[in-house]
Amino acid sequence: MRNSGAAFSIGEETTWLMTLVAVAVTAAILWATPRIGSSRWALSLGLVLGGSLGNLYDRFFREPGPLRGHVIDFIDYGGLFVGNVADIAIVAGAVLLIWLVFANIGIDGTRPQHAAGAHEDAVDDRNDQEETP
């Protein structure tokens, strides 16, 4: 099945926009690549990148032409919708990425402190310094 839009065939009239979004996502991931210090972030962004490149291939090289090509969907999910392997990679990568953000795991693999936590630590350090002779 040819799909000119995004998931669930949303945006069928704006195929060129879907192509530009995929190009922007691909560029953002490539820009962030040198900062990755976590295997979970690498897996997440790798899945999204792979899915994006898979769909971009269709957008550039399939009919009706460059920037307007239709993605080939061939996996039927019980009559609910039809997708492809690239869609699976994008969704899996996005779910992992959301989990990493909510788990407060930075792209470099660290767990940055929030401003409130950092302030409390600074106050504790100052109190410890005042108590020692």
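Me: What does buried mean for a residue in this predicted model?

Reply: Buried means a relative accessible area under 20%. In this predicted model, 26% of the 133 residues in the chain are buried. The chain exposes about 8700 Å², and carbon and sulfur atoms supply 66% of that area.

Me: Which elements make up the chain, and in what order?

Reply: From the N terminus on, the order is β-α-α-β-β-β-α-α, which comes to four helices and four strands. Of the contacts with a separation of 6 or more, 54% are between residues 24 or more positions apart.

Me: Which residues make the nonpolar surface patch?

Reply: W16, L17, L20, V21, V23, V25, Y57, F60, F61 and L67 make it, and the patch covers about 910 Å². Helices α1 (15-32) and α2 (39-61) each supply at least two of the residues. The most come from α1, which gives six. L67 lies in the loop between α2 and β2 (71-72).

Me: How do you know whether Y57 and F61 are exposed or partly exposed?

Reply: Exposed means over 50%. Y57 has a relative accessible area of 48% and is therefore partly exposed. F61 is at 62%, so F61 counts as exposed.

Me: How many aromatic pairs does a search of the whole structure find?

Reply: The search finds one. The rings of Y57 and F61 form the pair, with their centres 4.9 Å apart and their planes at 45 degrees.

Me: What makes Y57 and F61 a pair, and why is the pair called tilted?

Reply: A pair of aromatic rings is described by the distance of the centres and the angle of the planes. Centres must lie within 6.5 Å, and those of Y57 and F61 are 4.9 Å apart, so the rings pair. Planes under 30 degrees apart count as stacked and over 60 as edge-to-face. The planes here are at 45 degrees, so the pair is tilted.

Me: Why are Y57 and F61 separated by about one helical turn?

Reply: Y57 and F61 are separated by about one helical turn because they are four residues apart in helix α2.

Me: Where does the charged end of R35 sit?

Reply: The charged end of R35 sits over the ring of W31, 3.9 Å from its centre. The distance limit for a charge over a ring is 6 Å, so the 3.9 Å of R35 meets it.

How values were computed. Residues are numbered from 1 along each chain as its sequence is written. This is a predicted model: local features need pLDDT of at least 70, side-chain atom pairs count only at pLDDT 80 or more; totals for chains, interfaces and linings use all residues. Side-chain values use heavy atoms; hydrogens and water are left out. Patches are made of residues with over 30% relative accessible area and no salt bridge: like charges are joined within 9 Å, nonpolar side chains (Val, Leu, Ile, Met, Phe, Trp, Tyr) within 5 Å. Accessible areas come from the Shrake-Rupley method with a 1.4 Å probe; for residues, only the protein chains shown count as cover. A salt bridge is a side-chain nitrogen of Lys or Arg within 4 Å of a carboxyl oxygen of Asp or Glu. Rings of Phe, Tyr and Trp (its six-membered ring) pair if their centres lie within 6.5 Å; planes under 30 degrees apart count as stacked, over 60 as edge-to-face and the rest as tilted. Buried means under 20% relative accessible area, exposed over 50%, partly exposed in between (1.4 Å probe, protein chains only). A charge sits over a ring if NZ of Lys or CZ of Arg is within 6 Å of the ring centre and within 35 degrees of the ring normal. Contact means heavy atoms within 4.5 Å.
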